[in-house]
Amino acid sequence: MNSAWKLALLFAALSCAFQIRSLPLAAPIDVAAVVFLFTVGAAVIVDLAKKRRRNAVGVASQFLISALGFVLRESCGSPASSPASVTFSGSYEVFLSFRGPDTRKGFTDYLYTSLTEKGIRVFRDNEELPVGEEIKPALTEAIKQSKIAIPIISKDYASSKSCLMELQQMLACRENDEQMIIPIFYHVDISDVKHLTGSFGESFYELVKNGGVGRERINAWKKALRDIGGMKGLNLAEMNDGHHGKLTQLVVSDVLRRLKKPDLVVTDYLVGIDHHVKEIMSKLDVVFRDGQAVKTIGDEGCVVGICGIPGIGKTTLAKVVYNRLYHLFDGCAYLENVREMYAQVEGLKTLRSNLVSQLINRGSLKFRTSDEAMHFIKHRFSHTKVLIFLDDVGDSEQLTQIAGDLTGYGPGSRIIVTSRKQDVLMKVKVTAQKYEVEAMEEGHALELFGKHAFGKDFVGKVDHGLSSAIISATGRLPLALEAVGSCLFLKPNEVWDDTLEKLKDAPPGEVEKVLSMCYEDLDETQKKIFLDIACFLIGKDKRIAIYMWDDCKFFPLEGIEALLVRSLVKVGENNELWMHEQLRNFGRDKVRKENPEEPCRRSRLWKHEEALDTLNGRKGTKEVQALGLRFDRETDVSFTCEAFYPLRNLRFLKLDCANIEGNIQNPLSNLRWLDWQICPQKTLGLPFFKVENLIILDLSWSRVNQGWSGWELIGENAKKLKVLNLTGGGTLVMILYQSEY
């Protein structure tokens, strides 16, 4: 063998020694292995010396000495390496105490596997400690550092010194409030455990008779058995005719509840949420008492979709429900930012992989394709009771693509979905219910604002007026209340006053960011409908507005539905359009930002002062599509026809009680909606407008009678007119006009 091969053999032997050392040692060092290592090393060094390769000799000698020193020192040296004094550093959450021959390969192994699959760190002595007389200190350490102890009291449990010492230590920890105990009575009568009767008692007395145990320890063990027999535990005999599955499920559920392991993070300031939680629990068919989820009802799965506008608190509410529910299920998963993640490259595969990984609780699983992940979902969880929370789902397609049609999960499964869209559950094939979150009640809104703005629940009398005004300006939206309240913390009154003025025009930054994402999800015609409502049509009849949008090719039925499912608009019982104040302010701010310096170049002029200035200064432009005036009372303000010439794309005009002078017909050929309530008597007539495309004419509270000169113009030219409002006219006897409709 040449020197190169011998040197290689030396390195192989040293590597083997290091690898052996990296494993847990259960016995003293193997002397033969050390002799072999030394012999091979020495032979290589001698051979290198004969060939006068001094550098190689030095390197090999130093390497051999260091390696031997390391192995001998680590294997035989300090007491800290002794197995009998192992410390566990709080790394275990559950300690299992059991009699090996009775349950190790059966129930105990099944329970251990079920707990670890949930991500719970479980100690059992046959995995962590060597068998022998020196196990007691390590077991004591493990028991002390575990949060929950589970003694499995079987027929021969009392025949084991180790089991009885473990039980004694568990009860000592419990007395000091350091530990919780969940006793399991496995094929034993609890009375026999308490009173040491029957075969259980016989095994105990056999131990103390032959084991040389002192009287003091015997009495301590008897007391421990009496105490454990008197505790509320789980009895296998009472579980579905002794089946292990039900008992294991109860134990795992109880452990999860006590550990509160997978709680999702929620804000420290939870206000006014309890009644929402109660309602959702009811929709999920969950028995809910004293703030705790007790059990699910029935085997049928169900889904609840929590909907509402951005910032209303959907995610926080869903997290609270999830945290109070998860202990009732065999598998749990929470996927956040679903809509955003879904749009990324391989987003669907990532979401499905995350779903599987969390449900089986085995770290990050990788799938080659998203189809492979879906195949796993369909076949792996068909008998597993799962709780899945999908946050911010974009639409029903995303929901079914990620989690399937929701029929493939085990009996009693529950799915919680949050979404901006109300139709997110339309493709679900199991029982599905919607829960829409509304703005906070005023009292709760004041409390939440106070927590952030003052660091307390109560808002004093000095702050109440200004606080209430700010709360009203935020529309009682939780996200806005938190953002504004935090910004105003410890700020002077001048800052509060400025903030209130700003809120009247636009939502706070954080809220605007969220609303912008929702707005950008709309197509162009849907955005126009949204802005029309925000600027002019809140409170107007939806059916009337549809006539205008339909003639403008805005596809209003589809557009309104898109706004409804995103909770951007609501329709009241009388078909009136309604919008949250924050959404209204957001829409108006969008229009303002079209041209911050020149209002006359914006698409919509809803502010009276800006509209008045545009007309008086004849500043109108082709960009203006809608313009509205609002006078507090009858006015003498008049406009000339020339003021309207530049507004050739105007389709909505609210004149209120303004007067128009002049005889030149105005070319407002795109005008669809003319709102001229309280039309001045001296302007009775429509000589100023082209009415060929007019769809809606509102002359309510105007003095219009049979002799009104406008009837002739309407009858001859207003062929598209569909709505004529003459409410409050008073003197009208009969109206006759022709229309192609």
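Rings of Phe, Tyr and Trp (its six-membered ring) count as a pair if their centres lie within 6.5 Å; planes under 30 degrees apart are called stacked, over 60 edge-to-face and the rest tilted. Ring pairs of this kind link Y322, Y326, Y334 and F389 into a cluster. The structure is a predicted model, in which local features need pLDDT of at least 70 and side-chain atom pairs count only at pLDDT 80 or more, while totals for chains, interfaces and linings use all residues. Residues are numbered from 1 along each chain as its sequence is written, and side-chain values use heavy atoms, with hydrogens and water left out.

**Aromatic rings**

The count of aromatic pairs comes to 18. One of them joins F449 and F454 edge-to-face, with 6.4 Å centre to centre and 80 degrees between the planes. F449 is buried, at a relative accessible area of 1%; buried means under 20% relative accessible area, exposed over 50%, and partly exposed in between (1.4 Å probe, protein chains only).

Charges also sit over rings, a term that requires NZ of Lys or CZ of Arg within 6 Å of the ring centre and within 35 degrees of the ring normal. R124 lies over the face of Y112, 3.7 Å from the ring centre. The charged end of K385 is placed over the ring of F329, at 5.1 Å from its centre.

**Nonpolar cores**

A nonpolar core is a set of buried Ala, Val, Leu, Ile, Met, Phe, Trp, Tyr and Cys residues joined through side-chain atoms within 4.5 Å. The largest such core has 90 residues, of which I150, V255, L325, L537 and W549 touch the most other members. Helix α24 (residues 524–537) gives the most to this core, with eight residues; helices (H or I, at least four residues) and strands (E, at least two) are DSSP runs numbered from the N terminus. Apart from this core lies another, of 36 residues, which include L629, F639, C641 and F689.

Contact means heavy atoms within 4.5 Å. Leaving out residues up to four places away in sequence, L537 touches D532, A545, M548, W549, L577, F652 and W673.

**I696 and its surroundings**

I696 is found in strand β22 (residues 696–698) and is buried, with a relative accessible area of 2%. Residues up to four places away in sequence aside, I696 touches I544, Y547, M548, R672, W673, L674, L721 and V723. The C-alpha atoms of I696 and V723 are separated by 4.7 Å, although the two residues are 27 residues apart along the chain.

**Salt bridges**

A salt bridge is a side-chain nitrogen of Lys or Arg within 4 Å of a carboxyl oxygen of Asp or Glu.

| Salt bridge | N to O distance |
|---|---|
| R258 and D254 | 3.1 Å |
| R352 and D371 | 4.0 Å |
| D551 and R672 | 2.8 Å |

R258 and D254 are four residues apart in helix α12 (residues 244–259), so about one helical turn separates them. R258 is partly exposed, at 30% relative accessible area, whereas D254 is buried at 15%.

R352 and D371 form a salt bridge that links distant parts of the chain, R352 in helix α16 (residues 347–360) and D371 in helix α17 (residues 370–380), 19 residues apart. R352 counts as buried at 4% relative accessibility, and D371 is exposed at 59%.

The salt bridge between D551 and R672 also links distant parts of the chain: D551 is in helix α25 (residues 542–551), and R672 is in the loop between β20 (659–661) and β21 (673–675), 121 residues apart. D551 counts as buried at 19% relative accessibility, as does R672 at 11%.

A network of salt bridges links E520, E524, K527 and K590.
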